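The sequence and the structure come first, and my notes follow.

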Amino acid sequence: MATDAATHPSFPEKGVAWNELRERLEGLGENDVDWRNKKSAVYVFHPGEDVLEVAKEAYALYQSENALGPAAFPSLKRMEDEVIAMALDLLNGPDTGIGNMTSGGTESILLAVKSCRDAAAARFEERALDLHGANLVLPRTAHLAFDKAAHYLGLEIRRVDVDADFLADPVAMRKAVDQRTILLVGSAPCFPYGLVDPIPDLAEIALAEGLWLHVDACVGGYLNPFAEREGVELPSWDFRVEGVRTISADLHKYGYAAKGASTLLHRTHEQHAFQGFQAQDWPAGSMSTPTVAGTRPGGAIASAWAVMHYLGAEGYRERTRRILTAREKIVAGLDTLGLRLLGDPRLALLAFGPAEGDDLPIFSVWKVLHDRGWFSGIVQNPDGIHLMLSPSHEEVVDTYLADLADAVAIARKEAAKTGTSEGAAPTRYA
Ligand SMILES: Cc1ncc(COP(=O)(O)O)c(C=O)c1O
């Protein structure tokens with residue numbers, strides 16, 4: 001591998017003044033996406049400067065504290081307990097509900113799958129089945145964090161095609177279930193199209209087959225309840241659906257907390273008992289941890305706790321209304337431009353592409369938008385542009401639509417000139 005002094009400096013002999021370092025840090029961000037100007041529709045959630053400030057200050061107050069030690073930091077234990085109680089209240093958790101904060105959606109999903117696997121162990125032993133290679137059945141649209149979890153935990157993934165509306169297909173999923181299936185997954189909403197799967201139908205299968213149903217509400221956990229209060233109709237998706245065993249819901253997405261904050265909620269204490277890890281065979285005494293991490297950053301917990309209290313339901317509803325307004329304007333704009341919305345997204349995520357039979361090179365459209373500073377993801381099969389909207393997008397939606405109209409015209413002209421309708425797929429969402 002080539003070494004480059006600029007990217008691989010040697011360890012500094014002398015310290016550098018903070019003023020200079022701050023300047024350098026700001027300089028390093030020069031080529032980053034301009035998310036503060038609301039031009040990114042992925043990776044960052046912009047709820048307004050005031051919320052960002054609360055998240056930052058709360059993080060800084062507890063940046064050195066460590067939730068690995070609840071006896072040393074009862075403050076963090078209390079904040080985590082309060083965050084979980086608020087989450088269970090919001091997601092209609094039963095009195096038996098319990099949960100933990102984790103570092104993000106991927107960790108919440110990993111722990112849900114781990115809990116499910118370990119809970120299934122006794123059942124598999126009874127039936128003389130090998131738990132290694134037991135399988136998870138999920139729609140094709142479920143997040144790849146499940147594949148990561150399966151990879152780490154020695155399980156098999158069975159992705160099942162979605163229906164013509166891009167929703168989980170319960171009939172096809174049921175067919176994929178066999179005696180070595182342990183978990184079903186539904187998303188609320190899924191990342192690629194922003195659609196809420198038919199959770200009650202999946203729960204019916206889970207109850208009939210004795211399976212664990214996980215609802216991935218990493219995106220929707222702190223958005224759906226407020227969208228519903230604003231009149232958005234969604235299929236039932238939370239703990240009100242009997243059969244839902246765990247829900248993952250990220251605070252660093254539409255909870256607007258600093259990054260490193262998600263929640264994993266369980267229906268009962270019994271199933272939660274399978275989540276943790278305990279060991280003592282070393283000189284430093286027994287260690288028991290509820291999540292993957294050893295050290296758990298206090299800042300992420302404090303930030304989430306503070307933002308939830310700062311916004312309250314009223315604040316979240318106000319941010320949600322702005323997202324819904326932006327989405328409605330975009331959907332109307334797509335219609336005017338003859339573009340096709342994929343499925344019927346009612347929340348903050350959506351994907352769109354050319355109408356059926358139209359050979360518009362959609363990735364060339366993406367490229368023109370990208371060159372004008374707009375950053376977002378893509379989807380494939382069918383090809384399209386992906387948007388993950390924030391409240392602040394309401395302020396720039398008209399400019400985006402004007403640029404989109406230009407981009408479509410430019411891409412069509414280019415395609416006519418070169419005689420090709422194939423735009424190269426840009427780098428995908430990681
Ligand atoms: C539906 C869904 N689940 C899980 C995740 C993973 O979350 P994280 O990136 O916080 O690990 C994401 C991330 O975008 C997501 O959209």
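Before anything else I wrote down a cut-off: a residue counts as buried under 20% relative accessible area, as exposed over 50%, and as partly exposed in between. I also noted that this is a predicted model.

**Entry 1**

The phi of Lys38 is near 65°, a positive value in a residue other than glycine.

Tyr43 has its place in the loop between α1 and α2 as well, and its phi, near 75°, is also positive in a residue other than glycine. With 38% relative accessibility, Tyr43 counts as partly exposed. I made a note of these phi values because most residues other than glycine have a negative phi.

**Entry 2: cis peptide bonds**

Which peptide bond is cis, with omega near 0°? I found that the bond from Ala188 to Pro189 is, and that Pro189 lies in the loop between β4 (181-187) and α7 (199-209). The bond from Asn381 to Pro382 is cis too, with omega near 0°, and Pro382 sits in the loop between β12 (377-379) and β13 (384-388). I wrote these down because most peptide bonds are trans.

**Entry 3: the ligand**

How many residues surround the ligand? I noted 14, the closest of which are Gly105, Thr106, Asp216, His252 and Lys253. Helix α4 (residues 105-126) gives the largest share of this shell, three residues, and the shell divides into six nonpolar, five polar and three charged residues.

I then went through the distances to oxygen atoms of the ligand. For Thr106, an N or O atom in the side chain is 2.6 Å from an oxygen atom of the ligand, and for His252 the corresponding distance to a ligand oxygen is 2.8 Å. In Lys253, a polar side-chain atom lies 2.9 Å from an oxygen atom of the ligand. On its own the ligand has 390 Å² of accessible area, and the protein covers 88% of that.

**Entry 4: Met86 and its contacts**

I looked up Met86, which lies in helix α3 (residues 74-90) and, at 26% relative accessibility, counts as partly exposed. Which residues does Met86 touch, not counting residues up to four places away in sequence? They are Met308 and His309. Met86 and His309 are 223 residues apart in sequence, yet their C-alpha atoms are 9.7 Å apart in space.

**Entry 5: the whole protein**

I noted 12 helices and 13 strands in the protein. Among contacts between residues at least 6 apart in sequence, 71% join residues at least 24 apart. Of the 430 residues, 49% count as buried.

For the overall form, I wrote that the C-alpha trace spans about 70 × 65 × 50 Å along its principal axes. The radius of gyration is 23 Å, which agrees with the value near 22 Å that a compact globule of 430 residues would have. The accessible surface of the protein comes to about 20700 Å², and 52% of that surface belongs to carbon and sulfur atoms.

Terms used: Residues numbered from 1 in each chain as written. Predicted model: local features only at pLDDT ≥ 70, side-chain atom pairs only at ≥ 80, totals over all residues. Heavy atoms only, no water. Near = heavy atom within 4 Å. Polar contact = N/O pair within 3.5 Å; in protein donor to acceptor, adjacent residues only side chain to side chain. Areas by Shrake-Rupley, 256 points an atom, 1.4 Å probe, with all protein chains shown as cover. Helix = DSSP H or I, 4+ residues; strand = E, 2+ residues; numbered from the N terminus. Nonpolar A, V, L, I, M, F, W, Y, C, P; charged D, E, K, R; others polar. Rg over C-alpha atoms; globule rule 2.2 N^0.38 Å. Buried < 20%, exposed > 50% of the residue type's maximum accessible area, 1.4 Å probe, protein only. Contact = heavy atoms within 4.5 Å.
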